[in-house]
Amino acid sequence: MSQHDRTHHARIATGKGDPQCFAGTAGGPSKFKVGDRVRIKDMPDIFYTRCQVYTRGAVGEVAVVTHESPAPEDEAWGHVDKSEWFYIVRFKQTDLWPEYPAAFAKDTLQTEFSERWLEAV
Amino acid sequence: MSHDHDHDHGHNASAPMVDEISDFEALEIAVREICIEKGLFSAEDHRKFTEFAEHIGPTPAARMVAKAWLDPEYKKLVLTDAIAASKDVGVDYLNPTGFGTPSDYTDLRVLEDTPTVHHVVVCTLCSCYPRPILGFQPEWYRTPNYRRRIVRWPRQVLAEFGLTLPAEVDVRVEDSNQKCRFIVMPVRPAGTEGWTEDQLTEIVTRDCLIGVALPKPGVTSNLELPVHRAAKPAHH
């Protein structure tokens, strides 16, 4: 038999769903709340990330505190023992793209981050 | 498409015109055959699951939207617990097939359009999509072309779909890059007063649920297929 437990994920998620199976595993309440202004950190990412480069350094507002889950940068390697809170952050499009037309200054984009990527502004 | 295997073409490329398979297809076959050998599931199970997955369509999500338009209490449930609300339209997100495990993440969210905010969904990283309730993605949703352009030039890309939004409607792009999956709940269009749930369900097409179209009375499909009548029809 292999040393690697390939059924771990199925066992913890069956009947509950993923990310529901990680509820209560972030070790406390979320650091940010809806309406908080946050900046996306520009951290190095080696091999795997789900934090889009187009959001790095941008400032947005927390729109939804979604769930707890291991960060994809860890989960991709099978490390599921530490969870984080996740947040949907809303950005003004004009803050993301230099050429975005000023006529549509109220257009927005939302995307999701684990807590490690956010810092308070 | 070039035939250069150094590029990541994976499942995002169009089907090749020659008989070749990608690295990912080879990997899928290898894993599947090992699973069958180990007895985790049978070839028959696999065939059934594949057929099941290929036959899911967007109708349950369309009905969810139609019910929410008609029933404010149900709408509250849809917006706060879409997994629970999907059971009312016949989708058990946690056990969609009844004979297999869920193959996708299960944090389903419904984005409610208003007269001044229009949502459109993309996954810039791959092609994340609420498959248990919408079925497989349309091919364009998986293309790098859609994924890289909709986040940056949403109004221009929506116009390419035939949806030109007035300046007073703000566009909100949802980049579905983690474990949340999204459905758009459009605004109920004018001209549908007094309609039944069945009638309303018909006009909420897949494209409306992704956010690249708006529901319109009389439009019940993303594509009107021509009907070619048989020259020699069978008589029974």
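These legends go with a few close-up views of a predicted model.

View 1. Seven strands line up here in an open sheet with mixed pairing, in the order S5(A)-S1(A)-S2(A)-S3(A)-S4(A)-S3(B)-S2(B). Look at the two edges: strand S5 (118-120) of chain A and strand S2 (117-122) of chain B each have a single partner strand, so one side of each is left without a neighbour in the sheet. Going from one strand to the next, the twist averages 35°.

**View 2. Zooming in on the chain B end of the sheet.** Here S2(B) runs parallel to strand S3 (residues 170-175) of chain B, and six bridges join the pair. To get your bearings, find His119(B): opposite this residue, in S3(B), stands Arg172(B).

**View 3. A nonpolar patch on the surface of chain A.** Four residues make up this patch: Ile46(A), Phe47(A), Tyr48(A) and Trp77(A). Together they have about 510 Å² of accessible area. Phe47(A) sits in the loop between strand S1 (37-40) and strand S2 (59-69) of chain A. Is Phe47(A) buried or exposed? Its relative accessibility is 73%, so Phe47(A) counts as exposed, the cut-off for that being over 50%.

**View 4. A salt bridge between two helices of chain B.** Side chains of opposite charge can pair when their charged atoms come close.

**View 5. A helix meets a strand in chain B.** Lys75(B) and Glu112(B) form a salt bridge through their side chains, at 2.7 Å from N to O. This one ties helix H4 (residues 72-80) to strand S1 (residues 107-112) of chain B, and the two partners are 37 residues apart. Lys75(B) is partly exposed at 26% relative accessible area, and Glu112(B) is partly exposed too, at 30%.

**View 6. A salt bridge with a buried partner.** Asp207(B) pairs up with Arg206(B), and their closest N and O atoms are 3.0 Å apart. Why does Asp207(B) count as buried? Its relative accessibility is 11%, and buried means under 20%. Over all chains, the count comes to 22 salt bridges.

Conventions
Residues numbered from 1 in each chain as written. Chains lettered and ligands numbered in written order. Predicted model: local features only at pLDDT ≥ 70, side-chain atom pairs only at ≥ 80, totals over all residues. Heavy atoms only, no water. Pairing = 2+ DSSP bridges. Helix = DSSP H or I, 4+ residues; strand = E, 2+ residues; numbered from the N terminus. Axes fitted to C-alpha atoms, helices over the stretch in contact; angles between N-to-C directions. Patch = residues over 30% accessible without salt bridge, like charges linked within 9 Å, V, L, I, M, F, W, Y side chains within 5 Å. Areas by Shrake-Rupley, 256 points an atom, 1.4 Å probe, with all protein chains shown as cover. Buried < 20%, exposed > 50% of the residue type's maximum accessible area, 1.4 Å probe, protein only.
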